[in-house]
Amino acid sequence: VAQEAELYVDKLAAVAAETAADLEELSTGMSKVPSAANTMGVDVDQLSAQLSTIISVTRQDAAVVGTALKTIYARMGDLKVDGVDEFGTSLGDVSSQLQQMGIDVLDQMGNLRNMGEVIEEVAAKWGTWTDAQQQAAAVAIAGKRQYNNLIALFENWDMYEDALLTSANAAGTLQNQQDIYMESTAAHLATLKASVEDIWDSLIDTS
């Protein structure tokens with residue numbers, strides 16, 4: 001458990017160091033959504049990359065972004081269970097609309113696919129769609145209240161991919177940052193000590 005927690009923090013620290021979303025923001029955003037993300041098949045690398053991209057682009061409060069993603073995942077889960085969202089949109093409407101665009105929300109067994117995969121598949125086709133198709137896809141996945149966050153994500157997909165790679169290769173990041181900090185501190189202390197010794201030698205007659 002301790003190793004998993006350390007890796008979890010490593011991922012957030014690494015992404016925070018490489019993006020405009022800092023560690024506190026990512027931690028706050030992540031705290032709003034982890035169980036929903038896990039349930040809907042969005043792994044920690046995908047989630048940290050989604051959070052950092054949307055936060056960096058929109059500069060919304062991290063808690064708002066985390067809650068938005070939670071709503072998106074929960075909405076898809078509710079569609080799976082109840083068959084309709086708060087606007088009366090059914091899973092059949094969503095799946096058929098996306099299927100016309102070449103995106104399958106359901107697998108061959110009729111089960112909802114992992115949302116992380118669906119979002120990445122949409123992103124791969126995003127640039128080939130018209131503005132109207134892009135908005136329709138975002139609304140179908142996110143609902144009418146949160147689709148702007150998905151558009152921000154898709155419009156900055158290269159940022160997402162960079163953050164995803166950073167998160168995936170983040171093991172040891174926190175320790176490396178600590179080592180760099182300690183080395184820097186030690187170097188500054190050594191320089192300070194040398195400066196004090198020079199001053200001492202200049203002012204004090206050692207004989």
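**First stop: Asp45**

Select Asp45 and show its surroundings: leaving aside residues up to four places away in sequence, Asp45 touches Lys11, Leu164, Ser167 and Ala168, where a contact means heavy atoms within 4.5 Å. Asp45 sits in helix α4. Helices here are DSSP runs of H or I with at least four residues, strands are runs of E with at least two, and both are numbered from the N terminus. Is Asp45 buried or exposed? Its relative accessibility is 14%, so Asp45 counts as buried. The scale, for a 1.4 Å probe and protein chains only, is: buried under 20% relative accessible area, exposed over 50%, partly exposed in between.

A word on the ground rules: this is a predicted model, in which local features need pLDDT of at least 70 and side-chain atom pairs count only at pLDDT 80 or more, while totals for chains, interfaces and linings use all residues. Residues are numbered from 1 along each chain as its sequence is written, and side-chain values use heavy atoms, with hydrogens and water left out.

**Zoom out: the whole chain**

Switch to cartoon view. Among contacts with a separation of 6 or more, 64% are between residues 24 or more positions apart.

**Helix α4 and its neighbours**

Now colour helix α4 (residues 44-58) and helix α10 (residues 157-168). Their axes come within 8 Å and cross at roughly 140°; axes are lines fitted to C-alpha atoms, for helices over the stretch in contact, and angles run from 0 to 180 degrees between N-to-C directions. That angle makes α4 oblique to α10. The labels work like this: under 35 degrees is roughly parallel, over 145 roughly antiparallel, 65 to 115 roughly perpendicular, and the rest oblique.

To see who meets whom, show side chains on both helices. The α4 residues in the contact include Asp45, Ala49, Thr53 and Val57, and the α10 residues include Tyr160, Ala163, Leu164 and Ala168.

While you're on α10, pick Asp158, which belongs to that helix. Asp158 counts as exposed, because its relative accessibility is 54%.

On the α2 side, Glu25, Leu26, Gly29 and Met30 make the contact; on the α4 side, look for Val44, Leu47, Ser48, Leu51, Ser52 and Ile55.

**Into the core**

Hide the cartoon for a moment and select Leu47, Tyr73, Leu98 and Met115. These have the most contacts inside the largest nonpolar core, which has 49 residues. Such a core is a set of buried Ala, Val, Leu, Ile, Met, Phe, Trp, Tyr and Cys residues joined through side-chain atoms within 4.5 Å. Which helix gives the most to this core? Helix α5 (residues 62-82) does, with seven residues.

Centre on Leu98. Not counting residues up to four places away in sequence, Leu98 touches Ile103, Val105, Ala137, Ala140 and Ile141.

Bring the cartoon back for helix α6 (residues 91-100) and helix α8 (residues 131-142), which pack at about 150° with axes 10 Å apart. That makes α6 roughly antiparallel to α8. Val94, Gln97 and Leu98 of α6 meet Ala136, Ala137, Ala140 and Ile141 of α8.

**Last stop: the aromatics**

Select Trp126, Trp129, Phe154, Trp157 and Tyr160, which form one aromatic cluster. Rings of Phe, Tyr and Trp (its six-membered ring) pair if their centres lie within 6.5 Å; planes under 30 degrees apart are stacked, over 60 edge-to-face, and the rest tilted.

The structure holds four aromatic pairs. One of them, Trp126 with Phe154, is tilted, at 4.7 Å centre to centre and 40° between the planes. Trp126 is in helix α7 (residues 115-126) and Phe154 in helix α9 (residues 147-155), 28 residues apart. Phe154 is buried, with a relative accessible area of 5%. The rings of Phe154 and Trp157 have centres 5.9 Å apart and planes at 45°, so that pair is tilted too. Trp157 is also buried, at 12%.
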